[in-house]
Amino acid sequence: MSAGGGTKAILAALGANAGIAAAKFVGFLVTGSSSMLAESVHSLADTTNQGLLLIGQKTSKREADKEHPFGYGRDRYFYSFIVALMLFTLGAAFAIYEGIHKISHPEPLESPIVAVIILLVAVALESYSFYTAITESKKIKGNAGWWAFIRQAKEPELPVVLLEDAGALLGLVFALLGVGLSIVTGNPVWDGVGTLAIGALLGVIAIILIIEMKSLLIGEGANEGVLATIIDELAAGKVERVIHIRTQYMGPDELLVAAKLAMVPGLDTAELATAIDDAEARVRAKVPVAKLIYLEPDLDRSLAR
């Protein structure tokens, strides 16, 4: 569900952003508005980003090999990290530079009503993309709040698209305010102020994504709820207790579980093997993403102290 929902949200954002980028750039050529130029670059960066997310989804499905025995699942994290860097460099840095330039050297807008019409159409298209991302995210976020979902999600595409779309909508509001105030006051400096606000907004979103994607790329373990479920399922049957456990996501849909288990005394080799197999089956039944499980029976030395 997460992969399919992520792909649907990405495709919706890709289509919307490609059309919006072209329209905004035409608007910039007609009006000379720096807000329109910043938004054009922003939408172009977003369109490129959706393409990178699709590449990450495709390459992550490659089969494991000798060089990458745990597969390529983290490709999705890598490309999402690149998306965050591009949002910062192509989006935020350019908008801040252009905003400072326009404030320092303001130029009057030509046919500003054209910019307003294009921005309003862009708001409608971005709202559709944002609605699609919200709808798909609700299917997997459960009872978690939106901020908790962004912080805890192991599927990187939906949080990325959510934040990009939210930033795009707010950026359009800033652009409308900049152009609108320039029209009302006759002072084109406001267009530069709107551009600067867009750059600051994109910078904040990019930093949030960089932090979250870096954490996933380095390797995150199961959250407390999932970890508790795994421990409960392991510590059943002929397992007395879990001595030691480590988990790590090798990709959004593949969790590695490694644990040492204290077993019921007196088991022979066959019974021990069966008990380990049963423990693995219990975990996979409750936590399907736990596809890589390594269990080691050991002595519970803490009882001897």
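**Aromatic contacts and pockets in a predicted model**

Threonine 135 is partly exposed, with a relative accessible area of 29%, and this residue has its place in helix H4. The structure described here is a predicted model, and the values that follow were computed from it. Between the C-alpha atoms of threonine 135 and isoleucine 231 the distance in space is 32 Å, while along the sequence the two residues are 96 residues apart. Lysine 260, which is placed in strand E2 (residues 254-263), is likewise partly exposed, with a relative accessible area of 30%.

Aromatic contacts were examined next. A pair of aromatic rings is described by the distance of the centres and the angle of the planes. A search of the whole structure finds three aromatic pairs. In one of them, formed by phenylalanine 78 and tyrosine 79, the ring centres are 5.3 Å apart and the planes stand at 80°, so this pair is edge-to-face, given that planes over 60 degrees apart count as such.

Another edge-to-face pair is formed by tryptophan 146 and phenylalanine 149, with 6.2 Å from centre to centre and 90° between the planes. Both residues belong to helix H5 (residues 146-152), where they are three residues apart, so that about one helical turn separates them. Tryptophan 146 is partly exposed at 33% relative accessibility, while phenylalanine 149 is buried at 5%. A contact of another kind involves arginine 62, which lies over the face of tyrosine 72 at 3.8 Å from the ring centre.

The largest pocket holds about 420 Å³ of space. It is lined by 18 residues, of which Ile140, Lys154, Glu155, Asn223 and Tyr249 are the closest to its centre. Helix H4 (112-141) and helix H5 each supply at least two residues of this lining, and H5 gives the most, with three residues. When the lining of the largest pocket is sorted by class, eleven residues are nonpolar, three are polar and four are charged. Because domain 1 (62-218) and domain 2 (224-298) both give residues to the lining, the largest pocket lies between the two domains.

The second largest pocket contains about 340 Å³ of space. Its lining is made up of 19 residues, and those that lie nearest its centre are Ser60, Lys61, Gly73, Asp253 and Glu254. By class, the lining of the second largest pocket comprises seven nonpolar, five polar and seven charged residues. Domain 1 (62-218) and domain 2 (224-298) both contribute residues to the lining of the second largest pocket, and it therefore lies between them.

Key. Residues are numbered from 1 along each chain as its sequence is written. This is a predicted model: local features need pLDDT of at least 70, side-chain atom pairs count only at pLDDT 80 or more; totals for chains, interfaces and linings use all residues. Side-chain values use heavy atoms; hydrogens and water are left out. Rings of Phe, Tyr and Trp (its six-membered ring) pair if their centres lie within 6.5 Å; planes under 30 degrees apart count as stacked, over 60 as edge-to-face and the rest as tilted. Helices (H or I, at least four residues) and strands (E, at least two) are DSSP runs, numbered from the N terminus. Buried means under 20% relative accessible area, exposed over 50%, partly exposed in between (1.4 Å probe, protein chains only). A charge sits over a ring if NZ of Lys or CZ of Arg is within 6 Å of the ring centre and within 35 degrees of the ring normal. On a 1 Å grid over the protein atoms alone, a cavity is a set of points where a 1.4 Å probe fits but cannot get out, and a pocket is an open set with protein on both sides within 12 Å along at least five of seven lines; lining residues have an atom within 4 Å of a point. Grid points are joined across faces, edges and corners, and a volume is the space filled by probe spheres set on the points. Ala, Val, Leu, Ile, Met, Phe, Trp, Tyr, Cys and Pro count as nonpolar, Asp, Glu, Lys and Arg as charged, and the others, Gly among them, as polar. Domain bounds come from an automatic or database domain assignment.
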